[in-house]
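Dear colleague,

Please find the structure below, together with its sequence.

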Amino acid sequence: MTKNKVVRVSKIALWGLIFCLQSCQFGSTNVENRLEEAEELYRQGTYSNSSSQYESSTEYLKRSEEILLTIQPSAINHQQSERRNRLLGLTWFRLGNTSESEMLYDIAQSYYRKAIPLLNPDSNTIYLACAYRDIARTMALTGGEQDSVLWYFAQAEQYAQEAKSDLLLLDIDAYRYQICYPDSVSHRLSVCKQLAEEYKVPTRYSEIVELLLAKHATDSAAYYLERLRPTDSAYTYWFEQSYAYLQSKILLQRGQADEAYRLLLDLYDRKIDELQRDAGSRTYALSLHYDVARERLMAESERVKARGQRIISAILVLLIIALIILFIVIWRYWQQRRREQAGQLQALREKYVQQLQLALERLQQKVSLTREIEMQRMRGKEVEFPKWLQTYRDEKLTMNKESLDELIASIDKALDGAISRLQKEYPALTESDMQFAILSIIGASDIDMSIVLNVQKQTIYHRRQIVRKHVDPQIEDIDAWLRKYVLTV
């Protein structure tokens, strides 16, 4: 490569470098100009908002937002990016203020939520505290859950403490008591008085008057109402309306209903005139919007109510079906248990009837053998009675006390303690009565009872009458009653 070519290439490279530097400088200057323009529009929007010119404020802030959104963070340096993000966060915060002032609470919440990530906690703690406070306030106004509202108030309080702003902490407390704890009248009143008197926040005087009127402290309310005077021209109209409204409530509490009515009528006339002057503007559109939203909410509430009623009806039907199934299961179990008890009772009856028959047969054998020996003796034969026959009369009791006790325990176990309950319910029943009752329950006849108990048949009749007297003299058939009792108890 010759020397001339080297010089030529060097010149081209130099001119290219100069062009790039100028382009970068021009681009940087252009970004700075747009940031300056956006910041100026933000200032105008903030001033208009402070002057209650919400429509004008929204227009300025929207223009500032458009400029800031056209600046891409990837095309600017770190310092410009921080400035752009801070301006955009503040612009969205102010747009939330204007939307809240115009009662567009859902829109206001969306702006506050967009602003929070862009606000630097180190340099914008006051704005972060206000943003969280305003989210909590707008959530409460739109029917948000109290737990969420309290969480946002807690976040606002945390940033207010970091900013060391006693005024903002009091303001957060005032809104928290008003929205989440409306019954804390004394706390709200003390906070509002501190805000109004120590920190010169005149808008809190109206709340002080409302709280005092609610407590029927009319004279104190009138005193604080006189301090509700416009100190700033931007709030003059608001103060006039609040003053007239609160004055009418004071007059009403003092029994001056006519004066209160005239004052409210004058306020109403002025409001009508204002609406007529603003006819055709977006005021009516907003009213219509809220009417539609209210109708939509009412329809949604009706749908939720109907859905809840359907769910409750389905639950009731399922509950009734479950109760019916439970009743059937219990009834079937009861029937099965009765069949089992009847079977066990029948088995016991058969067992002891069989034992009774065997005992009768053995007794008959003893009697027959005794007669045969007596006949042989009468014929003159020397026949000795066997030792096992000499005491047969003492052995007529074919079931001794131990056997009867065993029988009672077996039947009581088979019938789930029915015999024990019978004896406990009717303590007048003696041991002899219970022996008769057990034999009657297993279906023993009077002859069987007389043999087993070693008594005469007439004694069994008298025992039956005694048991009936001890249980209930009105019972006609004590045997049937006993069997029914042990199977149903």
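**Overall picture**

Of the 489 residues in this predicted model, 34% count as buried, where buried means under 20% relative accessible area, exposed over 50% and partly exposed in between, with a 1.4 Å probe and protein chains only. The protein has 20 helices and 0 strands; helices (H or I, at least four residues) and strands (E, at least two) are DSSP runs, numbered from the N terminus. Its accessible surface comes to about 30,600 Å², and carbon and sulfur atoms hold 55% of that surface; the areas come from the Shrake-Rupley method with a 1.4 Å probe, and for residues only the protein chains shown count as cover. Among contacts (heavy atoms within 4.5 Å) with a separation of 6 or more, 57% join residues 24 or more positions apart.

As to conventions, residues are numbered from 1 along each chain as its sequence is written, and side-chain values use heavy atoms, with hydrogens and water left out. The model being predicted, local features need pLDDT of at least 70 and side-chain atom pairs count only at pLDDT 80 or more, while totals for chains, interfaces and linings use all residues.

Helix 9 (residues 204-214) is mostly covered, with 9 of its 11 residues buried. These buried residues are Arg 204, Tyr 205, Ser 206, Glu 207, Ile 208, Val 209, Leu 211, Leu 212 and Leu 213. After helix 9 comes His 216, which has a positive phi, near 60 degrees.

The axes of helix 8 (residues 185-197) and helix 9 come within 9 Å and cross at roughly 150 degrees; axes are lines fitted to C-alpha atoms, for helices over the stretch in contact, and angles run from 0 to 180 degrees between N-to-C directions. Helix 8 is therefore roughly antiparallel to helix 9, given that angles under 35 degrees count as roughly parallel, over 145 as roughly antiparallel, 65 to 115 as roughly perpendicular and the rest as oblique. Residues making this contact include Leu 189 and Cys 192 of helix 8 and Ile 208 and Leu 211 of helix 9.

Helix 5 (residues 125-141) packs against helix 6 (residues 146-163) at an angle of about 160 degrees, with the axes 8 Å apart. This angle makes helix 5 roughly antiparallel to helix 6. Among the residues that meet are Tyr 132 and Ile 135 in helix 5 and Trp 151 and Tyr 152 in helix 6.

Gln 109 is found in helix 4 (residues 105-115) and is buried, with a relative accessible area of 10%. Not counting residues up to four places away in sequence, Gln 109 touches Ile 135, Thr 138, Met 139 and Thr 142. The side chains of Gln 109 and Thr 142 make a polar contact (3.4 Å); such a contact is a pair of N or O atoms within 3.5 Å, and within protein one must be able to donate a hydrogen and the other to accept it, with residues adjacent in sequence counting only if both atoms are side-chain atoms.

**Ile 419**

Ile 419 lies in helix 16 (residues 418-425) and counts as buried, at 3% relative accessibility. Its contacts, leaving aside neighbours within four places in sequence, include Ile 408, Met 434, Ile 438 and Val 486. The C-alpha atoms of Ile 419 and Ile 438 are separated by 8.3 Å, the two residues being 19 apart along the chain.

With kind regards
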